[in-house]
Amino acid sequence: MTTRAPLVITGCGVVSPAGIGLEALTAQKAGPAEPPAGDYPPIPLAVTPDLRVEDYLGKKGIRTLDRTTRLALVASNRALATLDTPLSDEDRARTGVAIGTSTGSIRSSTEFSRETLIREKPYLVQATLFPPSVMNFCASQIAIWNRLRGVNATIADGRVSGLGAVGYARNAIIQGHIDRALVGAVEELCPQSAWAWHLSGALAPGAAVGEGAAVFVMESAAGAAAAGRTPLAEVLACEVGTLGMYDLRQGLATCVGRALERGGVPGTAVTAVSLSASALRGLRAAEEAGVRRALGGPLPPRVRTAAVLSESFSATAALQLADVLAAWRGAAIETAGDVALVVVTGDDGNVGC
């Protein structure tokens, strides 16, 4: 199996229940916040506090944006704002977007569907409800607001969506279709998804349903150096697959093994690990066992994202990656020569790292 040239992360924007920015994640405290309007089930909720979109995007054009798009736009705005050297207009022509999601805005799609059932024929639905109900609305809005004219993709793969977006953007950059990309994932908190989690019984006792978005600027190491942008981290490898449908432990071990081989990293070199399944009933032990099998030893020190951000479904992997960057920046774990492993599993058999 051949290795690939690493890409680098040069910018990061994150919106989470801890607040806005890596600094909020470093504090590792989820601030109190009122949930968005709606009838929520009697379970803990992890809500993004003080999400004043107009502070970052201005007031024009935000009224009809759904919560999914608002979260992702603010994260994208912050990611671009953290760059050492801003993107020129020529850069924007060669910058793409790859965003992970579950089904887009679940609230928007269900409310639009409900309109078709309760309105009198010929189904006089509210036209403003339709655009956000389309799965790729969020990614397209990121491109429009930031004048990015490269490839534009929406990756829907459940809890692994964020890593699917990283893999897509990586291929697009390596194959020369774009020079860089805004890459990440988003999940909104809404009554529809919260009730689904509550009624499914998939959450571990006391686990909260959360939300958030994390977006990264990814580019080649050579491109970043030429532009004078300092890398926050290298992305050595990214692997996803439906490998855990019958044996989650072995499927995850295989996935991690592939990533280590592609990245040219032995298991003993991994110095930090971020696991995803602590908020899900019945998956935590299998996830830990799969990683131990792949690394050939005990688990390295952990970055405990779920302790603050809880279950954020399609935003899970992106928020974990942001939390690793926050831990490095806050010196919660050593950074010199550090290799972090971000692992995501789903009860549908999908795994990624």
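What is the volume of the second largest cavity? It comes to about 70 Å³, and a search of the whole structure finds three cavities of 30 Å³ or more. Here a cavity is a set of points, on a 1 Å grid over the protein atoms alone, where a 1.4 Å probe fits but cannot get out, and its lining residues have an atom within 4 Å of a point. Grid points are joined across faces, edges and corners, and a volume is the space filled by probe spheres set on the points.

Before we go on, please keep in mind that this is a predicted model, in which local features need pLDDT of at least 70 and side-chain atom pairs count only at pLDDT 80 or more, while totals for chains, interfaces and linings use all residues. Residues are numbered from 1 along each chain as its sequence is written, and side-chain values use heavy atoms, with hydrogens and water left out.

Back to the second largest cavity: 15 residues line it, and Thr68, Gly104, Ser105, Met135 and Cys138 lie nearest its centre. Helix 3 (67-81), strand 3 (95-101) and helix 6 (137-146) each supply at least two residues of this lining, with helix 6 giving the most, three residues. Helices (H or I, at least four residues) and strands (E, at least two) are DSSP runs, numbered from the N terminus.

Arginine 147 is partly exposed, because its relative accessible area is 47%; buried means under 20%, exposed over 50%, and partly exposed in between (1.4 Å probe, protein chains only).

Valine 183 counts as buried because its relative accessibility is 0%. Leaving aside residues up to four places away in sequence, valine 183 touches Ala98, Ala165, Val166, Ala169, Ala214, Val215, Phe216 and Met218, where contact means heavy atoms within 4.5 Å.

Our last stop is helix 11, in which Ala286, Glu287, Glu288, Ala289, Gly290, Val291 and Leu295 are buried. What covers these buried residues includes helix 10 (248-263), strand 9 (272-274), strand 10 (340-342) and strand 11 (344-345). Just after helix 11, glycine 296 takes a positive phi of about 75°.

Technical notes:
On a 1 Å grid over the protein atoms alone, a cavity is a set of points where a 1.4 Å probe fits but cannot get out, and a pocket is an open set with protein on both sides within 12 Å along at least five of seven lines; lining residues have an atom within 4 Å of a point.
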